[in-house]
Every structure is written in structure tokens, then in C-alpha cells.
Amino acid sequence: PIPLRSTIPTSRGHCPQKLAASMLDARCTRSVAAVFLATATCLVQNAASRQRTWDEAYTMAEIKLIQLNVTEQAQLLKGVGWTGYNLHPGYFVGQVPGQPLHGIPWLLAGDSGNGYHPLVKEAVGTTVIWPSMLAATSLWSDDTMQELATAISTEFRGKSANLLLGPCVNVHRVARGGRNWEMMSGEDPYLGARMARAYMRGVNEVGLVAVVKHFAFNEQETNRIKTSSEVGQRTAWELYYPPFEAAVDEGAGAFMCSYNKVNGTSACSNYDLLMRDLKLRMGFR
């Protein structure tokens, strides 16, 4: 376990997309591990260095994969630290063991609704309670949002986290939505896109990987797992996608799929959503 602590920021590596795998054959495991490593290596340099391109990252990942056997590759695809809904003391909310012998860092993720979110009692009182993302957006200031993201990311560094589970950029649809307070877009996709760009610049400045969420159409908490958001292409691209697209353009390193179904298919298993729209049309790597 990695202890939770407030210290001088470290130079640990960086983290990738949220991936889940159970029984994978060697070919599938290798393919998913390549994506994992590409994201990790893309931002593995610290904030003072030049950020690698995705092409460079994927090339490095392929070279690294040759050094790993199938078991080592599969270990990169499984999180640790939880038993059911109980987080073990000393673990981050998201944690994937690294491969020290191969120079692959641990992936250490923290929730970030309005700053580092402590989930164990030992960490209570060691974090800053920052303004909510919706409150920050209400200032209509790109510079302020970037400064806030830089400050939050610096705190994450101090906790040894290298993966920030945010920002949440969904556009509001349900006025009583349980997580509206952390959805920085409010009801305005243009404003959301501006704020998403600014937030991403702040995170990238510190050298963390932001996990943009929740993709997509996760605008309510009530029955969020059971509901299906029925959305046409024009509505998606004009109203709900602009903040996500802006995050991609600003160098987002990871995305978190949403809890709900989209047009009848689970968002996390939705080809149209994740491949056609996010990767092929928006250009997320």
C-alpha cells in the first residue's frame, strides 16, 4: 500500500485510461496493455519537460511490451485496494500496480470533485476544500479556472497521486441533478468548452493526467445505472459534446465512461460513443 500523505510533490509517473479486463487472451491483453502504456508514457516526463506526442508514446509502449510476458501485461489491467465497496487503508481510490523492474510506474488516482477527496478517516483534515467547479465557472474567467486546476493538481502531487479523476464537464439537463455542483459546464456548452480547456491547461502544467468524465450524457444521479439517454447526433454534437471535444483538443490523457446507457447500450460498451464519436471523430488517442 502507498500511504496517504501531504509531502513535497514527487516525480512519480503518470496514468492512463480507465480500463477493465478479466479473462483476456494474449492478443487482447497485449492490445489493451499497449493503450495503457501509451497513456502512461505520453506524460511520464515532468511538467518542466516537453510533453510527448501520442505517436511517440505508442512507439515507446510497443517497445516496452516486448519486455513483458502475458502475466505482466495482464497485471497492468487490474486495480487493487478494494474489497467490494470497502477501500483498504493506505490505498488510493484508483490504484494499478506498476512494474518496477521494467520502469513502469504505479498508477495512483484520486477523486476530484472540488479537490483531493479523502476516503479514509486518516486523510480527513489533510486536504483543501476548494470551490466547486460550478462556482468556479460562474466567474467566467479562463485564467481563474486554470489557476484553480493548477492548485488542485499541485495538491494531488503532494499526495503522490498522478491521476486526477476529473474534470466533470457534462452539460446540465436535470435541474436537481445530484452532481450538478461538480459539472463545470452549467447549462452552456460553449462556456463548458472554455472552462474545460482552461482546466486542462492547469492540470497539464503540473504534469498529471486528467480523466475527463463522464462520457457521456450522464446528467442525472437518480437511477443512473438503469436509465438510457436517448440522444441524436445533432443534439450530441451541438449541446453535449463541445466540452469533451475541447478537452481532447487541449491534450486530455484519459476519459471515464459514464454509468448510464446511451441509446439502449451501456456507455462503457458503446462502440458509437467510444470509438465512432470519441476516438474517430474527436481524435482522442
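**The largest cavity and beyond**

Mentor: The largest cavity holds about 70 Å³ of space. Its lining has 11 residues, and the closest to the centre are Tyr-91, Val-93, Tyr-116, His-117 and Leu-119. Keep in mind that this is a predicted model. How many cavities of 30 Å³ or more does the structure hold? The count is 1. His-117 is among the residues closest to the centre.

Next, a helix pair. Helix H7 spans residues 233-240, and helix H8 spans residues 242-249. They pack at an angle of about 65°. Their axes lie 6 Å apart. From H7, the contact uses Ala-236, Trp-237, Glu-238, Leu-239 and Tyr-240. From H8, it uses Pro-242, Pro-243, Phe-244 and Glu-245. By class, this contact has 7 nonpolar residues, no polar ones and 2 charged.

Last, a single residue. Asp-272 sits in helix H9, which covers residues 271-281. Is Asp-272 buried, exposed or partly exposed? Its relative accessible area is 36%, so Asp-272 counts as partly exposed: buried means under 20% and exposed means over 50%. Where is Val-262 relative to Asp-272? The two are 10 residues apart in sequence. In space, their C-alpha atoms are 9.3 Å apart.

Note on methods: Residues are numbered from 1 along each chain as its sequence is written. This is a predicted model: local features need pLDDT of at least 70, side-chain atom pairs count only at pLDDT 80 or more; totals for chains, interfaces and linings use all residues. Side-chain values use heavy atoms; hydrogens and water are left out. On a 1 Å grid over the protein atoms alone, a cavity is a set of points where a 1.4 Å probe fits but cannot get out, and a pocket is an open set with protein on both sides within 12 Å along at least five of seven lines; lining residues have an atom within 4 Å of a point. Grid points are joined across faces, edges and corners, and a volume is the space filled by probe spheres set on the points. Axes are lines fitted to C-alpha atoms, for helices over the stretch in contact, and angles run from 0 to 180 degrees between N-to-C directions. Helices (H or I, at least four residues) and strands (E, at least two) are DSSP runs, numbered from the N terminus. Contact means heavy atoms within 4.5 Å. Ala, Val, Leu, Ile, Met, Phe, Trp, Tyr, Cys and Pro count as nonpolar, Asp, Glu, Lys and Arg as charged, and the others, Gly among them, as polar. Buried means under 20% relative accessible area, exposed over 50%, partly exposed in between (1.4 Å probe, protein chains only).
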